[in-house]
Amino acid sequence: MKVNENILISSLTTMRLGGPARYVLEVETPEDVADAYGFAEQYHLPTFVLGYGANTLGHDEGFNGVIIINRMKGIFIESETGARNISFEDHKPGRTALSVSEKEIFRQDPSPIQLKIMGGEYWDDVVEYACQKGLTGIEALSKIPGLAGAAPVQNIGAYGQEVADTLVEIEVYDTADKTYKTIPKSELNFSYRKSILNTTSKGRYFVISITLELKPGQMSRPYYNSIEQYIAANNVTDFSPQSIRNIVSTIRANKLPDPLDQASAGSFFKNIYLDEAAADAAEAKGYPVYRGKDGNKINSGWLIEQAGLKGKLLHGIRVSDKAALILINESAKSYNDLAKARAEITAKVYDKFGFWLEQEPVELQ
Ligand SMILES: Cc1cc2nc3c(=O)[nH]c(=O)nc-3n(C[C@H](O)[C@H](O)[C@H](O)COP(=O)(O)OP(=O)(O)OC[C@H]3O[C@@H](n4cnc5c(N)ncnc54)[C@H](O)[C@@H]3O)c2cc1C
């Protein structure tokens, strides 16, 4: 376990705000996790689990506690018999060529494959790895910044897929009884941007690894609208996971900020989900309601745009001119600036439409 002291949270989060954290512990083995919580207990300090910081906001006063980061790496092919058990310790995408025996395994066995992914793997490396092997299930989740351990927390989703579609189970450290457990998907209560990990059991479990079930093949059509539009405009005929990954990456690059270039936390507000009656009422007022398999929703970006805020700079925070749901930290000096911008946006949208926007990123406190 690596122990760091007095680290600026702005350097650990993609919105690049936040004062110093007293301790940052980087855990490298499952045993380290218990030690890290023991360390915090010994010093009577609160804990916060951080991944890549792409969905977390730091506060100006920092955090007088212990931040714990999962640095465990590795992707393992799981099987009930153990016959296909290959380890990819310290897997680095782009550098690991498939060995002959691995190729054989994928060629001979078209049945679903379970991958156990250590939570410290960078999520997009996992997607790249799966696509390289022709496995479908997470290709539309390409380029979502973050670590694999955070993926089930808010049930990451994009372009018609969410991690709940393929997740089988997670391995955790349970801080309530200080034991290591496996939690099956059925107990995680997944829904839009939600699981027990960010609702009823928030802060209780440290995710050590996640297991996904992927299968050789292709995503079924119709794809998400913008993917279909891209396919039509560019005469795409290759629908392999790698091709869909390339399409999604291109669409995202044109619309979403790269966290390495522009400070943001991605979508700052959640879309608004409506029951049937509310959806009918919204439609009667002329609001665009999307009726999908996951429910009826209004795009919050549309509400922000209609409130005249798209592209506006508020207290150093830019409402993206490409996707109004995204707030970019252009020149904000403090969390307080962000809070003022957020208050103005939510108030304007409420005054115009009567909907309260709900924030997506988590507060580190
Ligand atoms: C440019 C941009 C685009 C984005 N696009 C999308 C998108 O398309 N779809 C989408 O769903 N999200 C998107 N996001 C949000 C973000 O990428 C995801 O929420 C991602 O899963 C965050 O991962 P992270 O490692 O950065 O988590 P963090 O921000 O570090 O943590 C997020 C939450 O998870 C908890 N957590 C993290 N790791 C663990 C662990 N090991 N065990 C227990 N709890 C843990 C934290 O305590 C916190 O509550 C985007 C963000 C950005 C900046």
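**The ligand shell**

Begin by selecting the residues around the ligand: by class, this shell holds 21 nonpolar and 14 polar residues, and no charged ones. The model is a predicted one. Within the shell of 35 residues, highlight Gly51, Ala54, Gly146, Gly149 and Gly266, which come nearest to the ligand. Next, colour the elements that each give two or more residues to this shell: β3 (47-50), β9 (157-158), β13 (205-216) and β14 (263-267).

**The domains**

Now colour the chain by its domain assignment, with domain 1 spanning 2-70, domain 2 spanning 75-254 and domain 3 spanning 258-364. Hide domain 2 for the next step. The centres of domain 1 and domain 3, taken over C-alpha atoms, are separated by 28 Å. Select the contact between these two domains: domain 1 supplies 15 residues and domain 3 supplies 16 residues. On the side of domain 1 that touches domain 3, strand β4 (residues 56-58) provides the largest share, three residues. That side of domain 1 comprises seven nonpolar, six polar and two charged residues.

**Glu31**

Finally, centre the view on Glu31, which is located in helix α1 (residues 30-42). Is Glu31 buried or exposed? Glu31 is exposed, because 12 other C-beta atoms lie within 10 Å, and a residue with 12 or fewer is classed as exposed.

Terms used
Residues are numbered from 1 along each chain as its sequence is written. This is a predicted model: local features need pLDDT of at least 70, side-chain atom pairs count only at pLDDT 80 or more; totals for chains, interfaces and linings use all residues. Helices (H or I, at least four residues) and strands (E, at least two) are DSSP runs, numbered from the N terminus. A residue is buried if 20 or more other C-beta atoms lie within 10 Å of its own, exposed if 12 or fewer, and partly exposed in between; C-beta atoms are placed from the backbone. A residue is near a molecule or strand if its C-beta atom, placed from the backbone, lies within 6 Å of it. Ala, Val, Leu, Ile, Met, Phe, Trp, Tyr, Cys and Pro count as nonpolar, Asp, Glu, Lys and Arg as charged, and the others, Gly among them, as polar. Domain bounds come from an automatic or database domain assignment. Two residues are in contact if their C-beta atoms, placed from the backbone, lie within 7 Å.
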